[in-house]
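This note sets out several points on the model shown below. Comments are grouped by element.

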Amino acid sequence: MERLEQFLEWGGIKRETACLVMGGLSLLISMFDLLPLPFDAAWVAIILCGIPILLEAIVGLVTAFDIKADVLVSIALVASVIIGEDFAAGEVAFIMQLGGLLEDLTVARARAGIEKLVRLTPRTARILRDGREQIVDAAAVQVGDLLRVLPGETVPVDGAIRTGQTSIDQSVMTGESLPVDKGPGDEVFSGTVNQFGSFDMEATKVGEDSSIQRMIRLVQSADAGKAKIVGVADRWATWIVVIALVAAAGTYLVTGEIIRSVTILVVFCPCAMVLATPTAIMAAIGNATKHGFLVREGDALERLASVSRVAFDKTGTLTYGKPRVVAVESFLPDVPAERIYAWAAGAEARSEHPLGKAVVQGWAGSGHVVPAPEEFQMLPGRGVRAVVDGAAVAAGNLELMTEQEIPCPPEVKEAAARYLAEGCTLIYLGWDGRLAGVLALADTVREDAGNVISRIQSSGVTPVLLTGDHQQAAGHIAGELGIREVHAGCLPEDKLQYIDDCQSRGQQICMIGDGVNDAPALKKAYVGIAMGGVGSDIAVDAADIALVNDEIRELPHLLQLAKRMMVTIRCNLALSMVLNVVAILLAMGGTLDPVVGALVHNAGSVLVIIHSALLLKWRKRS
């Protein structure tokens, strides 16, 4: 049934597209008289694009007495046909149908993002029954079942590890790029990926209660609850319709000249008003595209102009999302720090762990040759053991040192605490039964992040850090960048709740993120911006705007551009209203006939388009 609905929806979009193409061609033929036809070619646009508008206006009026811009356009369309301005009628119908098609395409794209998220749901599980493994449908798993997860497999349901050691990629839930070491008693979540060791787990949350299913529901609910901006023409439609009809009727009663009344209806056509917003938005979108932004929602910039807070994810957004070695410290007086680094690189040479790869890349990147390990053993959830240059080396976490019966002196604990306070991840290195040294690794802040935060603050917008990382790492990054409000350890529902709380108080939020875990927040936020380069395609689908090249230095320009666009829209509206009022007064006095009135009406549309076009190259001077 769902696929049938999608097919029908896309079929409708294709029909609308075909009508628009034929309507546009007919208008070109009419404008330049390209073909010798027995009728005005603009009638093709009137029939294909105008009739749906007329029907929608009639249905809205009859069923709900809902007066929107389509009522205004219908009146103008009919009035234009009555006085023989067929091209004007076709032009109005074409413009309105084009806007409707763009809105339909936006809705279809939003649904595609949810479909990709659904595909992350594990389909099978490896269940243990009577000591034997069976592959079953993940939906058939019950609470209390014992499951086995092998390296590279996706965790099928939420549960707790009973036996085994491993590292889990939890980026789908927390957004953090580094795997998390897990052992007996630790929780694991559906949709996360087992990296290295196999383990047995007991199912605790299955089906609709599992983490990945909760995230899907969060995205769907966030999308459904997101307020849509009502167009200016729709907001003012009732008053404009009333004024137009009263003015036309009053003029006819006073003068008895039907031509004056029809002229009023023609000049009252809201083309300039309807064009005031979309032309400015299109020009602003063109400007944003040149600065690396792909605007996916038509009204995204309109919403962005009114945000008071910008919430950043940390990993992959304010940072590069890749760990690197930031410090190496030796605790043995006869062993230099460089030797510690070389031993660690040799021990991690065959490791698939991101931390191990970062150590190897850092050592090789500084121009050194990575020693080849003579022996190698991967210890999931702990680290590695190897023989490097004849020395037995153990590199990993503190639990590995304890298992190898390597004591941790007080000076090591002090150094570790210092690095941990700065948000670093540590690799301890044991040699010859002693704790020889430690390597501190950390995610690196983007070069322009500090300047971006400063410029956002100076524009009156408050930056906020929302991250799934732990408090120490989040606090260190926030302190470095000057972000005062920090929320660490956030799961997807936590980010969603924060945004909901703020927006319920009237504080509109722009969310900037890159991971699958950010998708619900990107949907719920007043405006969602996804990192298009390093980010998940699910996050991009959930967002209103994608930052194609991941260069966040242009974010302040985007905020300023959105505000400038709103100024342009207001000027366009004021201009169109003034022209309409002047034209109506002249029409009531008999100065304007229908032909001249149509010219004045079109002149207003041209002025609006020219004024909007100035946004294409706009940039605020520093």
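1. The model is predicted: local features need pLDDT of at least 70 and side-chain atom pairs pLDDT 80 or more, whereas totals for chains, interfaces and linings use all residues. Residues are numbered from 1 along each chain as its sequence is written, and side-chain values use heavy atoms, leaving out hydrogens and water.

2. Helix α12 spans residues 337-347 and helix α13 residues 354-365; they pack at about 125 degrees, with their axes 9 Å apart. Axes are lines fitted to C-alpha atoms, for helices over the stretch in contact, and angles run from 0 to 180 degrees between N-to-C directions. Helices (H or I, at least four residues) and strands (E, at least two) are DSSP runs, numbered from the N terminus.

3. On the α12 side, Glu338, Tyr341, Ala342, Ala344 and Ala345 meet Val359, Val360, Gly362 and Trp363 of α13 (contact means heavy atoms within 4.5 Å). The residues of this contact comprise seven nonpolar, one polar and one charged; Ala, Val, Leu, Ile, Met, Phe, Trp, Tyr, Cys and Pro count as nonpolar, Asp, Glu, Lys and Arg as charged, and the others, Gly among them, as polar.

4. Two aromatic pairs are found in a search of the whole structure. In one of them, the ring centres of tyrosine 341 and tryptophan 363 are 5.1 Å apart and the planes lie at 55 degrees, so the pair is tilted (centres within 6.5 Å; planes under 30 degrees apart count as stacked, over 60 as edge-to-face and the rest as tilted). This pair links distant parts of the chain, with tyrosine 341 in α12 and tryptophan 363 in α13, 22 residues apart.

5. An open antiparallel sheet of six strands has the order β12-β17-β16-β15-β14-β13, where two strands pair if DSSP finds at least two bridges between them. Its edge strands are β12 (319-330) and β13 (375-379), and the twist averages 20 degrees from one strand to the next. Seven bridges join β16 (residues 425-431) to β17 (residues 434-445); isoleucine 427 has leucine 439 in β17 as its bridge partner. Helix α12 lies across β12, β13, β14, β15, β16 and β17, at about 130 degrees to β12.

6. Three strands form another open antiparallel sheet, in the order β6-β5-β8. Three bridges join β5 (residues 166-169) to β6, and threonine 166 has lysine 182 in β6 as its bridge partner.

Methods: Rings of Phe, Tyr and Trp (its six-membered ring) pair if their centres lie within 6.5 Å; planes under 30 degrees apart count as stacked, over 60 as edge-to-face and the rest as tilted.
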